[in-house]
Structure formats: structure tokens, C-alpha cells
Amino acid sequence: MTNQPDFNRDENELEAFLVFAMATAGKSAEVTLRKVSTFVEDVDPNGDGILSACGQIDQLGMLDEKVREHKLGNYKRFAKFVRQAWRSGLDLTTCTVSDLETLHGIGPKTARFFMYPGVVAGAWD
């Protein structure tokens with residue numbers, strides 16, 4: 001296993017995939033992919049970066065509302081994860097499993113799911 005995700009994705013796509021990986025934990029990937037995709041399209045319509053977009057709507061006091069609106073589940077955990085991921089400045093192109101595990105809600109399985117090359121390849125295409 002490599003220490004770096006190798007998805008041929010840009011930073012914004014890696015952010016979206018990390019949000020998907022966190023939201024999928026313990027749920028159906030197919031259903032969660034649809035929910036996260038519509039969440040990303042709604043919150044970050046210009047593709048500037050989902051974590052930054054979430055940070056901006058959080059500053060407006062609307063993050064919790066958006067998470068609930070898109071029925072992502074585990075609302076408080078998900079919102080706390082997004083806040084922490086946004087503030088962390090973590091470089092998703094060079095991070096390690098250990099780095100990911102420092103984020104709220106990301107455990108060993110989710111971190112490795114994100115790091116494994118080729119998982120859900122093309123899901124954001």
C-alpha cells in the first residue's frame with residue numbers, strides 16, 4: 001500500500017472523495033454516493049473545493065442545515081469532521097493514514113478506504 005492516494009484526481013476531487021469516504025462509513029456506498037454528490041453540487045457548485053465551501057457556509061451558520069437537508073446522517077459527527085478537515089490544512093495528495101485518523105470521524109477503515117488506489121475510481125467523473 002502506498003502512503004499517498006493515487007487517484008489521478010485534483011485536490012477538489014480528493015476533498016469530495018474524503019467527504020464521501022467519511023459519509024459512507026457503515027452505510028451503503030451507492031446511496032451515500034448519490035447523497036454526497038448532490039451535497040457537493042449544492043454546496044460547491046463552482047468546484048472550488050468542498051471543504052472550503054463548507055467552511056464558508058459554516059461561517060454563515062448554515063452547515064448543519066445543509067447536512068440535514070441532504071440527509072447525510074450522523075449530522076453532528078459529519079459537521080464536526082468537515083469543520084476540522086477544513087481548518088486542518090491537510091494536504092490530501094501527500095497525507096498518510098495516520099494524518100487522516102487525526103480528523104474527527106475518520107478511523108482506520110475509513111482512512112485506508114481513502115488511501116487505497118482505485119477505490120471507487122471514476123465516481124466523481
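A crossing of two helices is left-handed if the near helix is turned anticlockwise from the far one by less than a right angle, and right-handed if clockwise. I applied this to α2 and α3, and their crossing is left-handed.

**Basis of the entries.** I worked from a predicted model, in which local features need pLDDT of at least 70, side-chain atom pairs count only at pLDDT 80 or more, and totals for chains, interfaces and linings use all residues. I number residues from 1 along each chain as its sequence is written, and side-chain values use heavy atoms, with hydrogens and water left out.

**Packing of α2 and α3.** I took helices as DSSP runs of H or I with at least four residues, numbered from the N terminus. Two packed helices are described by the angle between their axes and the distance between the axes. For α2 and α3 I found an angle of about 65° and axes 9 Å apart; the axes are lines fitted to C-alpha atoms over the stretch in contact, and angles run from 0 to 180 degrees between N-to-C directions. The left-handed crossing is made through F39, V40 and V43 of α2 and I50, A53, C54 and I57 of α3. Contact here means heavy atoms within 4.5 Å.

**Cover of α3.** I then looked up burial, where buried means under 20% relative accessible area, exposed over 50%, and partly exposed in between (1.4 Å probe, protein chains only). In α3, 7 of 10 residues are buried, and the helix is mostly covered. The buried set consists of I50, L51, A53, C54, G55, I57 and D58. Their cover includes α1, α2, α4 (63-69) and α5. After α3 comes G61, with a positive phi near 80°.

**Helix α1.** I checked the length of α1 (residues 11-24): its 14 residues reach 20 Å from the first C-alpha to the last, close to the 20 Å expected. The expected span is 1.5 Å times one less than the number of residues. At its start, a side-chain oxygen of D10 comes to within 3.1 Å of the backbone nitrogen of N12. Following α1 I noted G26, whose phi is positive, near 80°.

How much of α1 is buried? I found 11 of its 14 residues buried, so the helix is largely enclosed by the rest of the structure. Among these buried residues are L14, F17, F20 and T24. The cover of the buried residues includes α2 (29-43), α3 (50-59), α5 (75-88), α6 (97-101) and α7 (108-115).

**T32.** I placed T32 in helix α2 and found it buried, at a relative accessible area of 5%. Beyond its neighbours within four places in sequence, T32 is in contact with F20, A23, T24 and K27.

**Aromatic pairs.** I searched the whole structure and found 6 aromatic pairs. Rings of Phe, Tyr and Trp (its six-membered ring) pair if their centres lie within 6.5 Å; planes under 30 degrees apart count as stacked, over 60 as edge-to-face and the rest as tilted. F39 and F78 are edge-to-face, at 5.9 Å centre to centre with 80° between the planes. Because F39 lies in α2 and F78 in α5, this pair ties together parts that are 39 residues apart in sequence. Both F39 and F78 are buried. F78 and F81 are 3 residues apart in α5, separated by about one helical turn. I also recorded one aromatic cluster formed by F17, F20, F113 and F114.

Methods
Helix = DSSP H or I, 4+ residues; strand = E, 2+ residues; numbered from the N terminus. Polar contact = N/O pair within 3.5 Å; in protein donor to acceptor, adjacent residues only side chain to side chain.
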